[in-house]
Amino acid sequence: MTDTPVNEMSFEQAMKELEQVVGQLERGDVALEDSIKLYERGAELKKRCETKLKEAEEKVAAITLDGDGTPTGTTPVEGL
């Protein structure tokens with residue numbers, strides 16, 4: 001685990017650490033207290049990944065298309 005606060009991580013950083021957390025939990029060689037901490041960190045990382053994906057989806061959805069489906073520009077998305 002890194003000491004980087006989850007809310008400052010990029011999607012890629014959060015996903016990489018989440019994969020590491022899942023790997024440790026799946027191996028089952030971690031003490032119970034450490035497993036609980038890992039699970040909590042994993043939950044935070046999962047939420048961060050979901051948030052970053054939603055932001056990306058909203059940006060993609062904001063691309064405007066003409067009648068033929070050709071991108072013609074973007075529309076600002078509120079809150080971003």
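## Basis of the description

Residues are numbered from 1 along each chain as its sequence is written, and side-chain values use heavy atoms, with hydrogens and water left out. Since the model is predicted, local features need pLDDT of at least 70 and side-chain atom pairs count only at pLDDT 80 or more, while totals for chains, interfaces and linings use all residues.

## The two helices

Helices here are DSSP runs of H or I with at least four residues, numbered from the N terminus. Two packed helices are described by the angle between their axes and the distance between the axes. For α1 and α2, the axes (lines fitted to C-alpha atoms over the stretch in contact, with angles from 0 to 180 degrees between N-to-C directions) come within 9 Å and cross at roughly 150 degrees. That makes α1 roughly antiparallel to α2, a term used for angles over 145 degrees.

Where the helices are in contact (heavy atoms within 4.5 Å), residues of α1 including Phe-11, Leu-18 and Leu-25 meet residues of α2, among them Ser-35, Leu-45 and Leu-53. By class, this contact of α1 with α2 has 11 nonpolar, 3 polar and 5 charged residues; Ala, Val, Leu, Ile, Met, Phe, Trp, Tyr, Cys and Pro count as nonpolar, Asp, Glu, Lys and Arg as charged, and the others, Gly among them, as polar.

## The nonpolar core

A nonpolar core is a set of buried Ala, Val, Leu, Ile, Met, Phe, Trp, Tyr and Cys residues joined through side-chain atoms within 4.5 Å. The largest one has 8 residues, namely Val-6, Met-9, Ala-14, Leu-18, Val-21, Leu-38, Leu-45 and Cys-49, and the elements that give two or more residues to this core are α1 (11-27) and α2 (32-61).

Met-9, which lies in the segment before α1, is buried with a relative accessible area of 3%, where buried means under 20%, exposed over 50% and partly exposed in between, using a 1.4 Å probe and protein chains only. Not counting residues up to four places away in sequence, Met-9 touches several residues, including Ala-14, Leu-45 and Arg-48. Met-9 and Cys-49 are 40 residues apart in sequence, and their C-alpha atoms are 9.2 Å apart in space.

The C-alpha atoms of Ala-43 and Leu-18 are 8.6 Å apart, although 25 residues separate the two in sequence.

Glu-44, likewise found in α2, counts as partly exposed at 44% relative accessibility.

Technical notes:
Angles under 35 degrees count as roughly parallel, over 145 as roughly antiparallel, 65 to 115 as roughly perpendicular and the rest as oblique.
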